[in-house]
Amino acid sequence: LDQLRRMMEDKTRHLVDQFSQLLQLDVKASTEELQTLEKMNGVITERYVQMTGVVSEINDNMSRAKQVYKDLTPYLQQIDELDSNLNAVEQVVQLLDEVTKRLEIKTREVKLI
């Protein structure tokens with residue numbers, strides 16, 4: 001009976017030791033996993049900070065571009081007006097050219113008579 005008790009105690013100790021080792025490995029694995037997650041969180045945080053900087057630069061550039069466009073708007077309107085006026089001048093020149101050609105023809109006709 002004593003021997004059975006010792007054997008049971010040995011088996012129980014062995015079982016407790018094995019269970020303890022298993023728990024230690026589990027805790028170690030969990031700790032390593034948490035450390036990995038912590039590193040990943042740090043990397044992701046850095047990337048978000050970088051992206052925030054990039055977005056801020058883009059917003060600044062957009063604001064400047066809008067201001068430049070706003071500043072250029074009067075000049076663009078003037079260019080449109082000039083283009084419109086130039087088209088009108090071209091039509092007048094074309095008309096004058098036609099009238100001049102007719103006058104030349106009439107002048108030749110008068111000289112011939």
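**The whole chain**

Turn the view along the principal axes, and the C-alpha atoms fill a box of roughly 155 × 30 × 10 Å.

Before you zoom in, note that this is a predicted model, where local features need pLDDT of at least 70 and side-chain atom pairs count only at pLDDT 80 or more, while totals for chains, interfaces and linings use all residues. Residues are numbered from 1 along each chain as its sequence is written, and side-chain values use heavy atoms, leaving out hydrogens and water.

**The surface**

How much of the chain counts as buried? Of the 113 residues, 0% do. Buried means under 20% relative accessible area, exposed means over 50%, and partly exposed lies in between (1.4 Å probe, protein chains only). The chain exposes about 11,200 Å², with carbon and sulfur atoms supplying 60% of it. These areas come from the Shrake-Rupley method with a 1.4 Å probe; for residues, only the protein chains shown count as cover.

Side chains of opposite charge can pair when their charged atoms come close. A salt bridge here is a side-chain nitrogen of Lys or Arg within 4 Å of a carboxyl oxygen of Asp or Glu, and the count comes to 5.

Select Asp2 and Arg6: their side chains meet in a salt bridge, 3.6 Å from N to O. Both lie in helix 1, 4 residues apart, about one turn of the helix. Asp2 is partly exposed, at 46% relative accessibility.

Move on to Asp10 and Arg13, whose salt bridge is 3.2 Å, N to O. This pair also sits in helix 1, 3 residues apart, about one turn. Asp10 is partly exposed at 46%, and Arg13 is partly exposed at 49%.

**A nonpolar patch**

Which residues make the nonpolar surface patch of about 630 Å²? Select Leu34, Leu37, Met40, Ile44, Tyr48 and Met51. Patches are made of residues with over 30% relative accessible area and no salt bridge; like charges are joined within 9 Å, and nonpolar side chains (Val, Leu, Ile, Met, Phe, Trp, Tyr) within 5 Å. Leu37 lies in helix 1 and is partly exposed at 45%.

**A negative patch**

Now select Asp80, Glu81, Asp83 and Glu90, which form a negative surface patch. Asp83 is in helix 1 (residues 2–112), and its relative accessible area of 42% makes Asp83 partly exposed.

**One more pair**

Finish at Lys101 and Asp97, which form a salt bridge with their closest N and O atoms 3.6 Å apart. They are 4 residues apart in helix 1, about one turn. Lys101 is partly exposed at 48%, and Asp97 is partly exposed at 40%.

Key. Lys, Arg positive; Asp, Glu negative; His and termini not counted. Charge placed at Lys NZ, Arg CZ, Asp CG, Glu CD. Helix = DSSP H or I, 4+ residues; strand = E, 2+ residues; numbered from the N terminus.
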